[in-house]
Amino acid sequence: QVQLVESGGGLVQAGGSLRLSCAASGRTFSTYAMGWFRQAPGKEREFVAVISWSGGYTYYADSVKGRFTISRDNAKNTVWLQMNSLKPEDTAVYYCAAQVAGKSIATFPGGLRVDYWGQGTQVTVSS
């Protein structure tokens, strides 16, 4: 069993920055694809970003490309989401997610083949 704990959410003005962290338990973290999803009130959960187990591959939703950066440190069992140039439409609960080895990373954005989820952290961007 893997536990994912997010932190770093909060209230920020439009144009500002936040850095989300996701700390994972377990010795197999380095084999997982890791990523972030978000869900705004009244909307469906949507994919934000994913990073491969090695960190060599990243993929972003078009809505955040060029503004958000995902990174990881396998020695620290941690993945980050650096969010810059935040917009009010980025307001949502952000969830860390992990996908075990052996699954195609191409399935990650769909969310259905994600194996573990964090509890979420609120990000609010004021205009």
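Visitor: In which strand is the place of Gln99?

Guide: Gln99 sits in strand β9, where strands (E, at least two residues) are DSSP runs numbered from the N terminus. This is a predicted model, in which local features need pLDDT of at least 70 and side-chain atom pairs count only at pLDDT 80 or more, while totals for chains, interfaces and linings use all residues. Residues are numbered from 1 along each chain as its sequence is written, and side-chain values use heavy atoms, with hydrogens and water left out.

Visitor: Does Gln99 count as buried or exposed?

Guide: Buried means under 20% relative accessible area, exposed over 50%, and partly exposed in between (1.4 Å probe, protein chains only). Gln99 counts as buried because its relative accessibility is 1%.

Visitor: What does the side chain of Gln99 reach, and with which residues is Gln99 in contact?

Guide: The Gln99 side chain reaches the backbone oxygen of Arg113 at 3.3 Å. Contact means heavy atoms within 4.5 Å, and, leaving aside neighbours within four places in sequence, the residues in contact with Gln99 include Tyr32, Ala33, Phe108, Arg113 and Asp115.

Visitor: Which residues of the largest nonpolar core touch the most other members?

Guide: A nonpolar core is a set of buried Ala, Val, Leu, Ile, Met, Phe, Trp, Tyr and Cys residues joined through side-chain atoms within 4.5 Å. The largest one here has 38 residues, of which Leu4, Met34, Trp36, Leu81, Met83 and Tyr94 touch the most other members. Among the strands that each supply at least two residues of this core are β4 (33–39), β8 (78–83) and β9 (92–99). Not counting residues up to four places away in sequence, Leu4 touches, among others, Cys22, Met34, Cys96 and Trp117.

Visitor: How many salt bridges does a search of the whole structure find?

Guide: Side chains of opposite charge can pair when their charged atoms come close. A salt bridge is a side-chain nitrogen of Lys or Arg within 4 Å of a carboxyl oxygen of Asp or Glu, and the search of the whole structure finds five. One of them joins Arg38 to Asp90, with the closest N and O atoms 2.9 Å apart. Arg38 lies in strand β4 and Asp90 in the loop between β8 and β9, so this pair ties together parts that are 52 residues apart in sequence.

Visitor: Why does Asp62, which pairs with Lys65, count as exposed?

Guide: Asp62 is exposed because its relative accessible area is 66%, whereas Lys65, at 49%, counts as partly exposed. The closest N and O atoms of their salt bridge are 3.0 Å apart.

Technical notes: Helices (H or I, at least four residues) and strands (E, at least two) are DSSP runs, numbered from the N terminus. A polar contact is a pair of N or O atoms within 3.5 Å; within protein, one must be able to donate a hydrogen and the other to accept it, and residues adjacent in sequence count only if both atoms are side-chain atoms.
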